[in-house]
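The following paragraphs lead the reader through a protein structure. Please keep the sequence and the model in view while reading.

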Amino acid sequence: MKETKKIITHSAGGLPIEMYVLGNINLPKFFLIGGVHGDEPEGSVLVWDFIKNAQSVLQKLNSCCLAIPDYNPDGLKNNQRVNANGVDLNRNFPASDWSPEFKAPRYNPGKQPESEPETKALAKLLRETNPFLVIHCHTYVPQMNYTGERSKKWALKLMKNFNHPITDDIGYPTPGSLGQFCYYNLKTACVCIELPEQVEQQKAWDMVGPALLELAINGDN
Ligand SMILES: [Zn+2]
């Protein structure tokens, strides 16, 4: 079995956004997303490493991983948080708490929810595929951040070699974020892995890679 790859949409700047399907599509699904914020490439590298390392265990997976390593290719290309329209994708989801207000340009939520092609494509996929879990990878003050009580058990599974705190509050409100949309609108568990800033590739993998593989092998139980 080999992974399949599809282009889910093109970014605001016209770049393709790829999704890798790892494992049997009929199994319970989870998303693994990197590069939401283009100035946090470590999360993107982690998802690429997952795709590589998962190849040897594809037959053993009791889940299907939908992996999007470079979710914000505009931002990754320019080492900036936002996409080519200057929108923070993690504030542009159609969550009930989406708000047009923002304190700094880096948090620009867009003109309306799903105004950006990136957000529109992922929101549609999430509605269609009904995943049991969404994991997205960032860098910030290192922590395993989960949204809502039902997400906690997944965050705990990822804590095995992650020697940083587990939190349910990032310290400030995140209206229109992927986590808010998943948990409160779709009733889907969501975990945000905040790696240390500028963490080395191998260190990042050692922190969460094996636990991610284990999660994919064990599936939704
Ligand atoms: Zn981020």
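**From a helix to the metal site**

Ser44 lies in helix H1, where helices (H or I, at least four residues) and strands (E, at least two) are DSSP runs numbered from the N terminus. The model is a predicted one, in which local features need pLDDT of at least 70 and side-chain atom pairs count only at pLDDT 80 or more, while totals for chains, interfaces and linings use all residues. Residues are numbered from 1 along each chain as its sequence is written, and side-chain values use heavy atoms, with hydrogens and water left out.

Ser44 counts as buried because its relative accessibility is 5%; buried means under 20% relative accessible area, exposed over 50%, and partly exposed in between (1.4 Å probe, protein chains only). Leaving aside neighbours within four places in sequence, Ser44 is in contact (heavy atoms within 4.5 Å) with Gly34, Gly35, Pro69, Asp70 and Leu76.

A zinc ion has as its protein donors His37 (ND1), Glu40 (OE), Glu40 (OE) and His138 (ND1), at 2.0 to 2.6 Å. Donors are N, O and S atoms within 2.8 Å of the metal (3.2 Å for Na, K and Ca); water is not among the atoms, so sites may look incomplete. Along the chain, the donors follow the spacing H-x2-E-x97-H. Distant parts of the chain are linked in this way: His37 belongs to the loop between strand E3 (29–34) and helix H1 (41–54), whereas His138 belongs to strand E5 (residues 133–139), 101 residues apart. Both His37 and His138 are buried.

**The nonpolar core**

In soluble globular proteins, nonpolar side chains tend to be buried together. A nonpolar core is a set of buried Ala, Val, Leu, Ile, Met, Phe, Trp, Tyr and Cys residues joined through side-chain atoms within 4.5 Å. The largest one here has 39 residues, of which Phe30 and Phe50 touch the most other members. Helix H6 (residues 201–218) gives the most to this core, with 9 residues. Apart from that core lies another, of 22 residues, among them Ile17, Met19, Val36 and Leu126.

Beyond its neighbours within four places in sequence, Phe50 has contacts that include Leu22, Phe30, Trp205 and Ala216. Ala216 is itself found in helix H6 and is buried, with a relative accessible area of 0%. Not counting residues up to four places away in sequence, Ala216 touches Phe30, Phe50, Leu61, Asn62 and Ser63.
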